[in-house]
Amino acid sequence: MFHQYCIPFLNPFKTLLTMSIIKEFKEFAMKGSLIEISVAFIMGAAFGKVTTALIDGVIMPIVGELTTGVDFKAMKYVLREAQYDASGKILSPENAIQYGNFITIFIDFILVAFVMFLLIKMTNRFKSSEEKTNA
């Protein structure tokens with residue numbers, strides 16, 4: 001019963017509060033830095049896919065050939081062999097430390113970090129030359 005009397009009374013304040021929050025969120029969402037971060041995040045995700053494709057398709061095969069045909073993704077240390085029954089069905093799967101996959105991902109990370117370093121360095125160079133021309 002009490003809420004029947006309170007809700008009509010609070011309704012104008014609720015509307016004002018809701019409008020204030022929406023206005024505040026709109027101002028926050030439309031700030032330039034938030035939009036730039038969003039675009040950078042999306043581009044970074046896409047760049048990561050391109051880099052992974054480059055690593056898996058171009059660089060790792062070359063590294064594999066230089067290391068006498070080693071397939072890094074197949075490198076692992078088997079802790080427990082897989083157990084099979086007489087028909088060849090797996091009873092318990094293999095348990096292994098797949099360090100080769102870690103090596104591939106680590107090389108991927110180093111290359112992405114290096115390219116990002118170069119992009120930031122290039123951006124800073126453009127900013128400093130732009131500031132000199134504006135001064």
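The structure is a predicted model, in which local features need pLDDT of at least 70 and side-chain atom pairs count only at pLDDT 80 or more, whereas totals for chains, interfaces and linings use all residues. Residues are numbered from 1 along each chain as its sequence is written, and side-chain values use heavy atoms, with hydrogens and water left out.

Isoleucine 55 counts as buried because its relative accessibility is 1% (buried means under 20% relative accessible area, exposed over 50%, and partly exposed in between, with a 1.4 Å probe and protein chains only). When residues up to four places away in sequence are not counted, isoleucine 55 touches Met60, Pro61, Thr104, Ile107, Asp108 and Leu111, a contact being heavy atoms within 4.5 Å. One of these residues, aspartate 108, is 53 residues from isoleucine 55 in sequence, yet the C-alpha to C-alpha separation is 6.2 Å.

With a relative accessible area of 23%, valine 112 is partly exposed. Contacts of valine 112, again without residues up to four places away in sequence, are made with Phe47 and Thr51. Between valine 112 and glycine 44 there are 68 residues in sequence and 9.6 Å in space, taken from C-alpha to C-alpha.

The ring centres of phenylalanine 102 and phenylalanine 106 are 6.1 Å apart and their planes lie at 25°, so the pair is stacked (rings of Phe, Tyr and Trp, the last by its six-membered ring, pair if their centres lie within 6.5 Å; planes under 30 degrees apart count as stacked, over 60 as edge-to-face and the rest as tilted). Both phenylalanines lie in helix H3, 4 residues apart, or about one turn of the helix. Phenylalanine 102 is exposed at a relative accessible area of 56%, whereas phenylalanine 106, at 45%, counts as partly exposed.

Met30, Ile35, Val39 and Met43 make a nonpolar surface patch of about 410 Å². Such a patch joins nonpolar side chains (Val, Leu, Ile, Met, Phe, Trp, Tyr) within 5 Å, from residues with over 30% relative accessible area and no salt bridge, the latter being a side-chain nitrogen of Lys or Arg within 4 Å of a carboxyl oxygen of Asp or Glu. Isoleucine 35 is found in helix H2 and is partly exposed, with a relative accessible area of 39%.

Terms used
Helix = DSSP H or I, 4+ residues; strand = E, 2+ residues; numbered from the N terminus. Patch = residues over 30% accessible without salt bridge, like charges linked within 9 Å, V, L, I, M, F, W, Y side chains within 5 Å. Areas by Shrake-Rupley, 256 points an atom, 1.4 Å probe, with all protein chains shown as cover.
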